[in-house]
Amino acid sequence: MANPEGKHIFGVVKVGTKGQIVIPKDARDIFDIKPGDSLLMLGDEKQGIALVKQDAFFEFADSILNAKEIDDSGEKE
């Protein structure tokens, strides 16, 4: 059974004694994660943990902060 487009299962990782995990090579390749990159760890107690590249998160946040406001009629303010 194939995964839906853009969805991946990378396998199981184990947490080491120092709380470290290894990000699987396929995941590093797909998400262009290189040594020295900073990842932002997000958590939701019901849904789990997510890792996001820090620069991608800041680009997203910047686009939200710089977005034009649209009023209820659909007009830009």
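Helices (H or I, at least four residues) and strands (E, at least two) are DSSP runs, numbered from the N terminus, and with that in mind the loop between α1 and β1, where D32 lies, can be picked out in the viewer. The model is a predicted one, in which local features need pLDDT of at least 70 and side-chain atom pairs count only at pLDDT 80 or more, while totals for chains, interfaces and linings use all residues. Residues are numbered from 1 along each chain as its sequence is written, and side-chain values use heavy atoms, with hydrogens and water left out.

**Helix α1**

Select residues 25-30, which make up helix α1, and display the side chains of K25 and D29, which lie four residues apart in that helix, about one turn. These two side chains meet in a salt bridge, a term that requires a side-chain nitrogen of Lys or Arg within 4 Å of a carboxyl oxygen of Asp or Glu. The N to O distance for D29 and K25 is 2.8 Å. By this rule the model has three salt bridges.

D29 has 48% relative accessibility and counts as partly exposed, where buried means under 20% relative accessible area, exposed over 50%, and partly exposed in between (1.4 Å probe, protein chains only).

Most residues other than glycine have a negative phi. The side chain of D32 can then be followed to K34, with which D32 forms a salt bridge whose closest N and O atoms are 2.7 Å apart. D32, at 39% relative accessibility, counts as partly exposed, and K34 is also partly exposed, at 48%.

**From the loop to the strands**

Now select D37 and K53, whose side chains meet in a salt bridge at 3.5 Å, N to O. This pair links distant parts of the chain, since D37 sits in the loop between α1 and β1 and K53 in strand β2, 16 residues apart. D37 is partly exposed, with a relative accessible area of 32%, whereas K53 is buried, with 18%.

**The hairpin**

Finish with strand β1 (residues 39-44) and strand β2 (residues 48-53), which run antiparallel and are joined by six bridges; two strands pair if DSSP finds at least two bridges between them. The two strands form a hairpin with three residues between them. To see one of the bridges, select L40 together with V52, its bridge partner in β2.
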